Amino acid sequence: MPGHKLGKVYDKLGYSDIVKNIYKMDTTEISGTDNLHSPEGIIKKSQERASRVFKSEYTYYLINGSTCGIQGAIMALCSPKDKLIVNRDCHQSVINSCILGDIEPVYILPKINNEINILEGVEVQEVLDTIDNNLDAKAVLVTYPTYYGKTYDLKKICEYAHEKNMIVIVDEAHGSHLGLSDKLPKTALDQDADIVIQSTHKTLPSFTQSSMIHIQGNRVDKDKLETMLRIIESSSPSYVLMSSLELAVDIYETKGKELMEDLLLNIDRFKEDIKNNESIDIYNDNDKTKVFISSKGLGLTGYELETTLRETYNIQVELANYYGVLLICTIGNNSDDFNMMKDALNNISKKSYKEKFIEHIEYPMTIPVKVLSPREAFYKPKKSVKIYESIGKICGEYIIPYPPGISLLSPGEVITKEVIDYILLCNKKGMNVSGIKDSNLEFIEIIVD
Ligand SMILES: Cc1ncc(COP(=O)(O)O)c(C=O)c1O
């Protein structure tokens, strides 16, 4: 990320002059430049084109990332105290929206690939059961595809939720490119989601922080959503970011399919070539543009492989976990990128210590007991205690191993030994744990009473 890959795609397609001069588009709401918050002119026209291209009924440009789209969608659709069914491995912005809007999250535990400890999204039946057990919930929010490219039968979830009068919000932050090929999983809009939020900047060529929110059908109160977006977004929306969204829409519509075909071919070739290297295992998920490379066979942790790729081979991967690295491939990549990666991996495999054993670390797979809502917990007094003294107490902060950035503990939940042991082990192995104020992980904040 971002999907334009250091602007390579703009250069390739002849957009360099526009991009080089994009600062000249840094204007404000004056005559002729329209207003994102009540568009009637060029922005309205541009959003209408995006809506046509992405096959929604209405599309809104977002200049505070998908974060604000998620906040806007949740708070427009759920009133205070409403229940929101959501996958536990949701982005932090979902839980933050529950704090802001006083909404009650009801979690669904995701599946996990035990071999490489990556989260694999929800089990459809789990979602349907959670709906059945919470028929008073207002909406269901799911992440589709996951960061690692996992998808599932979203249509079934939408059908069932609609039957039970629930609205389906899809966090498609990692899937704005899905409509570019039949070889990729279906888009959330294609599967009847009511409201879909996409980080255009992640997998398509727009600038960081520029995203879109799409709606369709008659379940979403469009006026309320627009009002909520006005409340949470900047009153000075960046024309640079909006222009970059327009570039992404243009590229998507005019060249997107062709570029995606090339990309998928490059990925297939890369996988085929690397097959001969016995130290490398590739996990390619439903969304083929996400490629996970296991480093176990190299005798390296994912962190070590990431550092080697960056420092020795000038390659920056999207993320590393303990077991490997994730590549996010976009239409901004070209065959040279894949060749460079292939050569680097082949070189590394000649040098690395295959006898080194990469031990398995079990991911904690239980949802902690929730005592307070995220909002109640946020406003309670807190104190810092030694980490092992916190077991059994109510957590006052987030504990989020990063990546993948999923909260193991959120404010208001009971701290367990399992989670504390896990994060201390993660930390020892070089994993980053965010959310917690004491980065040394000696102390943790708990709720005082
Ligand atoms: C699954 C998911 N949803 C939402 C977001 C937020 O997106 P943005 O960075 O566009 O605000 C992210 C960011 O990484 C994410 O991974």
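The following dialogue explains several terms as they apply to this predicted model.

Mentor: In this predicted model, local features need pLDDT of at least 70, side-chain atom pairs count only at pLDDT 80 or more, and totals for chains, interfaces and linings use all residues. Residues are numbered from 1 along each chain as its sequence is written, and side-chain values use heavy atoms, with hydrogens and water left out.

Trainee: Why is L441 called buried?

Mentor: Buried means under 20% relative accessible area, exposed over 50%, and partly exposed in between (1.4 Å probe, protein chains only). L441 has 2% relative accessibility, so L441 counts as buried.

Trainee: How do you know whether D34 is buried or exposed?

Mentor: The relative accessible area of D34 is 13%, so D34 is buried. D34 also has a positive phi, near 65°, and is not a glycine.

Trainee: Why is α12 called roughly perpendicular to α13?

Mentor: Helices are DSSP runs (H or I, at least four residues), numbered from the N terminus. Helix α12 (residues 302-313) and helix α13 (residues 335-351) pack at about 115°. Angles under 35 degrees count as roughly parallel, over 145 as roughly antiparallel, 65 to 115 as roughly perpendicular and the rest as oblique. Therefore α12 is roughly perpendicular to α13.

Trainee: Which residues of α12 make the contact with α13?

Mentor: They are L305, T308, L309 and Y313, where contact means heavy atoms within 4.5 Å.

How values were computed. Axes are lines fitted to C-alpha atoms, for helices over the stretch in contact, and angles run from 0 to 180 degrees between N-to-C directions. Helices (H or I, at least four residues) and strands (E, at least two) are DSSP runs, numbered from the N terminus.
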